[in-house]
Amino acid sequence: PFGIHNWNDKSVPKQKAILHTTTEIKNYGTSIQNLTIENSLFDASGKKVSSIKTETKSNSGQTKEILLKLPEIQNPKLWSPSNPYLYKLVTSIYENGKIIDQLTTPYGIRWVSWPVSRDGKDNRFFINDEPVFINGVCEYEHQIGNSHAFSDEQIHARIEQIKTAGFNAFREAHQPHNLLYQAALDENGILFWSQFSAHIWYDTPEFKENFKTLLREWIKERR
């Protein structure tokens with residue numbers, strides 16, 4: 001479920017964008033599989049705007065990652081807090097012409113610039129070459145009587161409260177929240193900072209190894 005990773009480059013001129021994808025697959029069967037991996041990008045109206053496919057052979061028990069670069073996207077609609085436009089990347093795996101697995105990933109095309117990546121003394125944060133003032137809030141995924149067990153309706157209500165209060169950025173404190181938060185924040189144009197921490201630290205090899213395992217999983221989920 002977390003085997004798809006997307007990121008985009010800005011072309012020059014900036015009326016174009018290049019989308020990169022990695023697709024991680026695993027063969028759980030006992031025989032070699034000859035597969036076709038296809039990544040297709042659809043706009044909000046459902047129109048296909050870019051697509052690429054490749055052939056691969058997957059041995060029994062093998063996990064492999066396929067890197068693909070989609071053809072240039074012309075005049076992309078860009079994601080921003082004021083216009084949170086989302087495309088959908090549909091990743092399909094075919095065997096003998098039949099779809100055996102498929103995953104849809106919402107994706108907003110945008111370019112981000114931090115001071116470290118720019119010359120001069122301009123310390124502002126830029127999205128799509130425009131300065132954005134980050135006005136953020138952090139939230140604990142807690143409620144008396146519920147702890148972390150929020151309904152979808154409660155999550156959406158909290159995000160509506162954040163928007164109504166005028167915030168445009170959100171940090172989950174201090175542990176990863178329900179993944180519905182991430183999807184809803186993207187849809188509502190709210191910048192997202194995921195956090196993973198350990199309030200209690202046991203200085204043992206077992207604890208350290210477990211922490212690293214959880215950290216790797218968190219990065220893969222939230223990338």
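Q: Which residue in strand 13 stands opposite F126?
A: In this predicted model, F126 stands opposite P131 in strand 13.

Q: Why do strand 11 and strand 13 count as edges?
A: The open sheet has three strands in the order 11-12-13, with antiparallel pairing. Strand 11 (112–113) and strand 13 (130–131) each have a single partner strand, so one side of each lacks a neighbour in the sheet.

Q: What does E139 touch, not counting residues up to four places away in sequence?
A: A contact requires heavy atoms within 4.5 Å. Those that E139 touches are R158, F170, R171, E172, A173, H177 and Y181.

Q: What accessibility class does K220 fall into, and why?
A: Partly exposed lies between the limits of under 20% for buried and over 50% for exposed. K220, found in helix 3, has a relative accessible area of 28%, so K220 is partly exposed.

Q: How do you know that K220 makes a polar contact with E24?
A: A polar contact needs a pair of N or O atoms within 3.5 Å. The side chains of K220 and E24 make theirs at 2.6 Å, so the pair is within the cut-off. With neighbours within four places in sequence left aside, K220 is in contact with F2 and E24.

Q: What makes N178 a cap of helix 2?
A: A side-chain oxygen of N178 lies 2.8 Å from the backbone nitrogen of L180, at the N-terminal end of helix 2. After helix 2 comes G189, with a positive phi near 75°.

Q: Which residues of helix 2 are buried, and what do they pack against?
A: Y181, Q182, A184, L185 and N188 are the buried residues of helix 2. Their packing partners are strand 8 (83–84), strand 14, helix 1 (152–164), strand 15, strand 16 and helix 3.

Q: How many residues line the largest pocket, and which lie nearest its centre?
A: The lining has 41 residues, with R110, Q182, D186, R222 and R223 nearest the centre. Elements that give two or more residues to this lining include strand 1 (4–10), helix 2 (179–188) and helix 3 (205–222). By class, 25 lining residues are nonpolar, eight polar and eight charged. The volume of the largest pocket is about 1400 Å³.

Q: What is the volume of the second largest pocket?
A: The second largest pocket holds about 520 Å³ of space. Its lining has 21 residues, of which E24, I25, K26, I93 and D101 are the closest to its centre. That lining divides into nine nonpolar, eight polar and four charged residues.

Terms used:
Residues numbered from 1 in each chain as written. Predicted model: local features only at pLDDT ≥ 70, side-chain atom pairs only at ≥ 80, totals over all residues. Heavy atoms only, no water. 1 Å grid on protein atoms, 1.4 Å probe; cavity = no way out; pocket = protein on both sides within 12 Å on 5 of 7 lines; lining within 4 Å. Points joined across faces, edges and corners; volume = space filled by probe spheres on them. Helix = DSSP H or I, 4+ residues; strand = E, 2+ residues; numbered from the N terminus. Nonpolar A, V, L, I, M, F, W, Y, C, P; charged D, E, K, R; others polar. Buried < 20%, exposed > 50% of the residue type's maximum accessible area, 1.4 Å probe, protein only. Polar contact = N/O pair within 3.5 Å; in protein donor to acceptor, adjacent residues only side chain to side chain. Pairing = 2+ DSSP bridges.
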